[in-house]
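Subject: The structure, and some notes on it

Hi,

Here is the structure I promised to pass on to you. Please have a look at it first, and then read on for my notes.

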Number of protein chains: 4
Amino acid sequence: MQTQNKRIPVAVLGATGMVGQRFIDLLRDHPWFDLVAVTGSERRAGQRYGEAVTWRLPGEAPAAALALPLLASDAPFDAPIVFSALPTEEATVIEPLLAVRGHAVFSNASSYRMTEDVPLLIPEVNADHVALLARQQRERGWAGMLITNPNCSTIQIALALKPLADAFGVQRMQVTTLQAISGAGYPGVASYDILDNVIPYISQEEEKIARETRKILGSLTDDDTIAPAPIAISAQCMRVAVREGHLACVSVALAQDATSADLIAAWRDFRAEPQALALPSAPDPVIIVRDEADRPQPQRDRDAGGGMAVVVGRVRPCEILGHKFIVLGHNTIRGAAGASLLNAELLVARGVVG
Amino acid sequence: MQTQNKRIPVAVLGATGMVGQRFIDLLRDHPWFDLVAVTGSERRAGQRYGEAVTWRLPGEAPAAALALPLLASDAPFDAPIVFSALPTEEATVIEPLLAVRGHAVFSNASSYRMTEDVPLLIPEVNADHVALLARQQRERGWAGMLITNPNCSTIQIALALKPLADAFGVQRMQVTTLQAISGAGYPGVASYDILDNVIPYISQEEEKIARETRKILGSLTDDDTIAPAPIAISAQCMRVAVREGHLACVSVALAQDATSADLIAAWRDFRAEPQALALPSAPDPVIIVRDEADRPQPQRDRDAGGGMAVVVGRVRPCEILGHKFIVLGHNTIRGAAGASLLNAELLVARGVVG
Amino acid sequence: MQTQNKRIPVAVLGATGMVGQRFIDLLRDHPWFDLVAVTGSERRAGQRYGEAVTWRLPGEAPAAALALPLLASDAPFDAPIVFSALPTEEATVIEPLLAVRGHAVFSNASSYRMTEDVPLLIPEVNADHVALLARQQRERGWAGMLITNPNCSTIQIALALKPLADAFGVQRMQVTTLQAISGAGYPGVASYDILDNVIPYISQEEEKIARETRKILGSLTDDDTIAPAPIAISAQCMRVAVREGHLACVSVALAQDATSADLIAAWRDFRAEPQALALPSAPDPVIIVRDEADRPQPQRDRDAGGGMAVVVGRVRPCEILGHKFIVLGHNTIRGAAGASLLNAELLVARGVVG
Amino acid sequence: MQTQNKRIPVAVLGATGMVGQRFIDLLRDHPWFDLVAVTGSERRAGQRYGEAVTWRLPGEAPAAALALPLLASDAPFDAPIVFSALPTEEATVIEPLLAVRGHAVFSNASSYRMTEDVPLLIPEVNADHVALLARQQRERGWAGMLITNPNCSTIQIALALKPLADAFGVQRMQVTTLQAISGAGYPGVASYDILDNVIPYISQEEEKIARETRKILGSLTDDDTIAPAPIAISAQCMRVAVREGHLACVSVALAQDATSADLIAAWRDFRAEPQALALPSAPDPVIIVRDEADRPQPQRDRDAGGGMAVVVGRVRPCEILGHKFIVLGHNTIRGAAGASLLNAELLVARGVVG
């Protein structure tokens, strides 16, 4: 467990974008981490962060962050922990470089999520996948390491499935998502496309939900690989006129008989290592089940647990697969920046980094 | 077939509400029907329609309608055909009264949709269910008759399923709907509830989709009842910040093997009696299949075929049920007022009424 | 000044509505006040607040409030300070009754705002109007008292004008407001009326802005009346698709020459009694001036100072009246519940109540 | 007057953008004009228009347009009339080139609106400014000519002021606009910036309203220049979450005494040359005055007169300037593509081009 009398310097890559700003916001007054470096586009390198960023979150950016110089993505800096909000193509090139240089890189990018020796980590779900890191460092000869978090729509689904998988086994899942505009970054979705409209397509999202969920719920084998969970998954992903908060309508087929009450009990009883360790960003409870007929809603529930909890509701029988429910998560907190942050906290608490 | 040299007087019940206004709008310049009577709330009876209504559709209400006196719901009037946009409780009482008096009542209310001798009619899907009317009149001793149309979210789903049922057999359907605010009537959904939000619940909607779809696709038996189609159906219904146009994300299991191309061909080839008869409100084609990755969208596709066509897209394999796609329909035109209108046109063309 | 070792019991009238919920939310963990009673509609009296309310603000209602029994509006309770979020007609009857019974009533209703012996109070603007209360109690023989706060669109305008009135004199003001839907209460504006739309009319709002502003900025005369400020005011009030935060586009004619920089300096230098007393709900600064070309915005600035600050921007010359700027305030916090709360804090700090 | 037995070939520059698509849509079935050429970005030149465009208007693009090859902006084509929806920088270079080549260029770009010998034309307002064209051709030696239409927020204001200027004289105008997102083109405003928000700034818009209005209402002098109308104008421009339709809140000081009824009469009596000539795109009436307290609204009134009429409402005294009212116009029809089209129709009817 982290001693907490030594603060750890951290850096944020791609700090001016939508997810980058969330990192900056969540690191404000963090009890363990000190933000010491931010990177952004070449073009703006050398400016103060405060000059380079157009702050789009409510309230003000933390003053300390505003004063930091914006570094180019590949500039050297002195921080053992790095949070990456880089776009995919840049992440593909830069993240391994930083791992070579000895940084522990916690990445929100999709580039290496499916790479065999890279954990796709949700601390409450598959903390044992951390074991991949030893293999990663050994085989690649990296001084540092690379840890990824899932896609913003996958993470809450995986969290909701975990207690069901443990208690009853999950065999099949059908899911339709209603996703917030912030999930597309900035400027992202044009207002003319989404006002009084739904965009019924998000590139690669349905595939990501299927393959990432299977890896996350997969099991670590003796030779340090992940055997994907044998769950059939079918997703339909829709973009709706909501600022923050992805809602997923899920149907599941379980391996064992269970009632809606059994599912609810499994969720309500669920606690995991981050809660046991009381990690700074760990929500407790991590899964909230609401009884009202019309909850969760993005507007009213996305900030539950500081945006780190997921909220389940409308648990009821499904005529096709057995059970259905809805689950909501804050896509740029639990689904992105907060996910990376919690991953880092877990590894610090375990003494793996820091 | 209607000779078209004799125009038929029609009345609209509940003419000031959201669906009532759609009836008034669609009857403007109708080639067969003359609007001669409108009813509304007791409280406003005696006013001109133009005084009683707050017109909420784009453009102006038809001048002729504005001049009509608003009748109380139970006032007598002289029109063989009646369109009902009454709220459920009123419809329950008044519609049978009008059938007794000899009117052919085309109702958008849910009161009698599931009644054994009342057709739940979509002319392109189950025109043979019109046979129930003979039994209805005989057993009830009605001079008139009562015909209903489905719920606004059911109708487009049933239309999309029909060619699949005919060609391949439909065994199971999972559907998630993203429904427009106009589906809740006026004032309906409070703006504070839906702006930057999703309401993940619509009372009774999921049940209606299941039972109405089974009746619509059911078969007429020798004793003039409908044997519901043996399709397992599971629905999740969401309200989104869209003005008009319900979008449904559908997965289906078919009885026979088929490819996505086979489904598309079945939809594109689909024509039915309303198209053959060239009924005034019949769209042709009735099912439009779009090839773009991100269509149909409520904003761009809801007015297809004057709001009477349904638009299918994103046809692709489903890992669970075999096939998935999305389908969009205009909920207050094809899903309500236009549905009743087309039902009336069919019965006029067949010589059953008028 | 309040000694703070004695906590003061308070009640909220009309606690289940939009503004009532804001009161409940703002009283959570208040350093001076203990919520001991809530009232609501007759029909729900006897239920727990938690059963009676549909909580519409983000997050959960405070647990202590949820457990309180909901009283009828005219039920007796034991709390020296009462916050009223009653609708106008009820407020007209009940607020004087409570003042007779000895309560200090802090009202958000419009019923008595323009009454001669009732302060229309903004602590930063016209704290001297508190002197009306002595007259009010004397002439009416009330054991308690009645203090009102302005309309939700007036308060921020009056706050922005105050430093200008003090430094330069204000002669004329033209204002167009873009007001949030929460200003209309719940259910308030129908979603079908406001989505992809503007409603260019709010009943009585333009008149309220004119007459309330003149009273607030008016001067207390020797005989304890308020001489309205001789400012010509013209308002146009629009409703827009924003959840919270009223934006006002203001042009002013000043009595003395001044530059934009002079106005900005007047705002930035402005501090008043609530800031000097460090009242719990007093923002400091109370007026924030932003330099960006496109601020303030409802989304990004409404929560400044916990929703109690007002944010000014786009200060520039006006070709007609001399100066123009925009000003934003949170309509249900600074413009409603927070306004009443700050009024109460001022009177407690001054030893007038408590 | 156009003989109408000879159809005129026309081209659209910048045909794939927001305004370009409006041109294409409005030219569908035009009684005088045949669309024969479309230009777009270099990068897409050579594709069919149907491949190059992502059609964002409701319904389908006209089939004939979809089949046209997309030309590069500077490619030669054979069409006497050219409609330009080019971005400013491109328009600056290309429009004069086309005028040299002999085309009559009707431009929606801002590049040359304030140029001394270029008419800034609204056929109902300043048709006499067409006289500038003779000077333009003479002095520049152009075989063709260049005619501009005003900014999308100016045009409706100028139309509303015209009858007042004629009847009473206009001395001062204060205006606040609530502008639709389509006014910013595509992708234009990011959805994350405008959903549940107002953006209180549109670059250069306030200046354009002031200077363009003065030119449009200016008078043609003997030496073929325009003396700007001596009207003091102050504008504040806001972007709101509306798809189409700019709303302006106007206060005016008139030179002569008048009542609200006088203003309404002036608007209702107003007809101009396009109405007299019954030009294909001319609305009649061009100014609609609504009596309801809450009209015009973008949603319900933007399509009045096919989007070519402007709708005035809430006419009432202003405490500062004398009169106030609101006026609405469709920004991409009357405020852009339709404006250019009507300009071309006027010049064809007068025999100046075609």
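First, a word on confidence. This is a predicted model, and the predictor gives the complex an ipTM of 0.96 and a pTM of 0.96. For chain A the mean pLDDT is 96, with 99% of its residues at 70 or more.

**Chain A as a whole**

Chain A contains 13 helices and 14 strands. Its radius of gyration is 19 Å, close to the 20 Å that the globule rule gives for 354 residues, so chain A is as compact as a globular protein of that length. Along the principal axes, the C-alpha atoms of chain A fill a box of roughly 60 × 50 × 35 Å. If you look at contacts in chain A with a separation of 6 or more, 73% of them are between residues 24 or more positions apart.

Where they meet, 32 residues of domain 1 of chain A are in contact with 29 residues of domain 2 of chain A. On the domain 1 side, α5 (123-126), α6 (132-140) and α13 (333-349) of chain A each supply at least two residues. The largest share of that side comes from α13(A), with seven residues. By class, the domain 1 side divides into 17 nonpolar, eight polar and seven charged residues.

**Chain B against chain A**

The same surface serves both copies, as 100% of the contact residues of chain B recur in chain A.

This contact takes 33 residues of chain B and 33 residues of chain A. On the chain B side, at least two residues each come from β7 (170-179), β10 (232-239), β11 (246-254), α12 (298-301), β13 (310-318) and β14 (322-329) of chain B. The element that gives the most to this side is β10(B), with five residues. In terms of class, the side of chain B that touches chain A has 18 nonpolar, eight polar and seven charged residues.

**Chain C against chain A**

How many residues does each chain bring to the contact of chain C with chain A? Seven come from chain C and seven from chain A. The chain C side is made up of two nonpolar, two polar and three charged residues.

Chain C is also laid on chain A by a turn of 180° and a shift of 0.0 Å along the axis, with an RMSD of 0.0 Å. To find that axis from chain C, go to C:Asp196: its C-alpha is the one in chain C nearest the axis, at 3.3 Å. Here too, 100% of the interface residues of chain C are also interface residues in chain A, so the copies meet through the same surface.

Happy to go through any of this with you.

Best wishes

Note on methods
Residues are numbered from 1 along each chain as its sequence is written. Chains are lettered from A and ligands numbered from 1 in the order in which they are written. This is a predicted model: local features need pLDDT of at least 70, side-chain atom pairs count only at pLDDT 80 or more; totals for chains, interfaces and linings use all residues. Two residues are in contact if their C-beta atoms, placed from the backbone, lie within 7 Å. Ala, Val, Leu, Ile, Met, Phe, Trp, Tyr, Cys and Pro count as nonpolar, Asp, Glu, Lys and Arg as charged, and the others, Gly among them, as polar. Helices (H or I, at least four residues) and strands (E, at least two) are DSSP runs, numbered from the N terminus. The radius of gyration is taken over C-alpha atoms; the globule rule is 2.2 Å times the number of residues to the power 0.38. pLDDT is the predictor's confidence in each residue, from 0 to 100. Copies are superposed by least squares on the C-alpha atoms of residues with pLDDT of at least 70 in both.
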